[in-house]
Amino acid sequence: MSKTQVQHILDRLKQEDSQVLASLYKTNRTPFLKFANKYNLNEDDLLDIYQDSILAFYDNVRFGKLTQLDCSIKTYIFSIGKFMIFKKLKALSKVDDTPIDFKRLETYYHEATSETISDIDLKHFNAGFKKLGSQCQELLKLFYYQGLSLTDIQNELNYDNYNVVKSQKSRCLKHLKSLVEKEQNG
Amino acid sequence: MDKETLIANYFSGKLTVEEKQEFERLLINDPEFKKQVSFEKKVKASIFKQNHNALKSDLKTIENNLSRKALLKKWYWIAASVVIFIAISFTFFGNKKNNEALFAQYYTTAANTSHPIVRTENKAINKELKAYIAYENKDFKNAIPLFNEAYNNIKKSELLFYKAICLLETNKTNEAISMFLKHQTFKDVLYSKSMWYLALTYLKENQTVTAKQVLNIICENPENYNYKNAKILLSQL
């Protein structure tokens, strides 16, 4: 695959093109399972890891953490997968320098696999979140999901100054809190 | 810095060392602060899960469509394997397999699960990485001195396990046995794996009684590496 083709795929993914994501999934699936087969994990676990690796890659591209690649997409996805396999095997003692943003991947892995929130809380938070206004939804998503700082958000959403974003975020959180409490009590 | 900014910077990963200390201190001493952090952690987790789960279920749909197609193919292979298995069973019927054959049946080179190798350009490669690269390339002869040096430098016990595998692969069976035994004194994450390979090595050396003793130890705990295989192998000896 030429550099232009890789760039094209990255650009399409940045536009959240689900067809490109699907084709990426299908192309790399068998090679990944073959490569990962030597680690003592069953196929369900491996597929789970593969799906998370694809999504971590997608997340990096969509949110602008990865804008160009010096290796192939396959190599990149395999590196993420290898990291996740080692995490799963809990045998990770040291990871070498790679083109990957490991801090971000670490957070991603943590959010994707650990029980940071109980199912019942998740239900209430999701229901509360859906009832928020679209502006608040967008702001909270940019901050907590895409990992933008308040200054980034100020530029992204064209706020006048930092304090406006800060108090807007604080209002949104308070509103969300009351909505979640209503869900919990209702 | 006010508490709200402190929490915001925590989530953006932008706390300095001093701010981090202040953050930790407030977590312990200020119940309101702690409550707010825990609330925001849940906000983060719920937004993440919501988006992640939606995307993941898209991928699962793709996966299910792929698997259905693969299923027909799979049944063909299962049927073929059953025929071959029956044929082999007839050939060996009444014959207890000898140790060499059992070794060959159960032995596969241990995968490197200790040190992921990701190659990048312009990076100095250390001895440890070199050893693992040689290992993954099945260059066991050259891997042995590399594991030696790496171990002398950093004293990481897992290196001894891979060195033992290299010795076994290069037919230095007796040296492999003592290396596995040395490795096991450290009781690291590869301990039970090391036991399994030690059992196989004894088998290769025709020391069936000792092999059985090691297998019996493996069979004591279902969490041990290759617990099921150890049971089956034991019944075949």
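Q: How many aromatic pairs are there over all chains?
A: This is a predicted model, and the count over all chains comes to 27 aromatic pairs. A pair of aromatic rings is described by the distance of the centres and the angle of the planes. Take B:Y132 and B:Y162: their centres are 5.2 Å apart and their planes are at 75°, which makes the pair edge-to-face.

Q: Which parts of chain B does the pair of B:Y132 and B:Y162 tie together?
A: B:Y132 belongs to helix α5 (residues 127-136) of chain B and B:Y162 to helix α7 (residues 158-169) of chain B, so the pair links parts that are 30 residues apart in sequence.

Q: Are these two rings, B:Y132 and B:Y162, buried or exposed?
A: Buried means under 20% relative accessible area. B:Y132 has 1% and is therefore buried; B:Y162 has 0% and is buried too.

Q: What kind of aromatic pair do B:F147 and B:Y162 form?
A: B:F147 and B:Y162 are stacked, with 6.2 Å from centre to centre and 15° between the planes. B:F147 lies in helix α6 (residues 140-154) of chain B, while B:Y162 lies in helix α7 of chain B, so this pair ties together parts 15 residues apart in sequence. B:F147 counts as buried, because its relative accessibility is 1%.

Q: Which residues form one aromatic cluster with B:Y132, B:F147 and B:Y162?
A: The cluster also holds B:F103, B:Y107, B:Y135, B:F140, B:F161, B:F180 and B:Y197.

Q: How should I read a nonpolar core, and which residues touch the most other members of the largest one?
A: In soluble globular proteins, nonpolar side chains tend to be buried together. The largest nonpolar core here has 80 residues, and those touching the most other members are A:L13, A:F32, A:F57, A:M84 and A:L140. Apart from this core lies another, of 51 residues, including B:A131, B:F161, B:L167 and B:Y202.

Q: What is A:L13 in contact with, leaving aside its neighbours within four places in sequence?
A: The contacts of A:L13 are A:V20, A:L21, A:L24, A:F57, A:Y58, A:V61 and A:R62.

Q: How do the axes of helices α1 and α3 of chain A cross?
A: For a helix pair, read the approach of the axes together with the angle. Helix α1 (residues 3-14) of chain A and helix α3 (residues 43-62) of chain A have axes that come within 8 Å and cross at roughly 85°. That angle is why α1(A) counts as roughly perpendicular to α3(A). On the α1(A) side, A:L10, A:L13 and A:K14 meet A:F57, A:Y58, A:V61 and A:R62 of α3(A). By class, this contact has five nonpolar, two charged and no polar residues.

Q: What is the secondary structure of chain A as a whole?
A: Chain A comes to nine helices and zero strands. Of its 186 residues, 50% count as buried. Among its contacts between residues at least 6 apart in sequence, 61% join residues at least 24 apart.

Q: And a loop residue: where is A:G147 found?
A: A:G147 sits in the loop between α7 (134-145) and α8 (150-156) of chain A. Its relative accessibility is 33%, so A:G147 counts as partly exposed. Leaving aside neighbours within four places in sequence, A:G147 is in contact with A:K65 and A:L142. A:G147 and A:R104 are 43 residues apart in sequence, with 9.4 Å from C-alpha to C-alpha.

Technical notes:
Residues are numbered from 1 along each chain as its sequence is written. Chains are lettered from A and ligands numbered from 1 in the order in which they are written. This is a predicted model: local features need pLDDT of at least 70, side-chain atom pairs count only at pLDDT 80 or more; totals for chains, interfaces and linings use all residues. Side-chain values use heavy atoms; hydrogens and water are left out. A nonpolar core is a set of buried Ala, Val, Leu, Ile, Met, Phe, Trp, Tyr and Cys residues joined through side-chain atoms within 4.5 Å. Buried means under 20% relative accessible area, exposed over 50%, partly exposed in between (1.4 Å probe, protein chains only). Contact means heavy atoms within 4.5 Å. Axes are lines fitted to C-alpha atoms, for helices over the stretch in contact, and angles run from 0 to 180 degrees between N-to-C directions. Helices (H or I, at least four residues) and strands (E, at least two) are DSSP runs, numbered from the N terminus. Angles under 35 degrees count as roughly parallel, over 145 as roughly antiparallel, 65 to 115 as roughly perpendicular and the rest as oblique. Ala, Val, Leu, Ile, Met, Phe, Trp, Tyr, Cys and Pro count as nonpolar, Asp, Glu, Lys and Arg as charged, and the others, Gly among them, as polar. Rings of Phe, Tyr and Trp (its six-membered ring) pair if their centres lie within 6.5 Å; planes under 30 degrees apart count as stacked, over 60 as edge-to-face and the rest as tilted.
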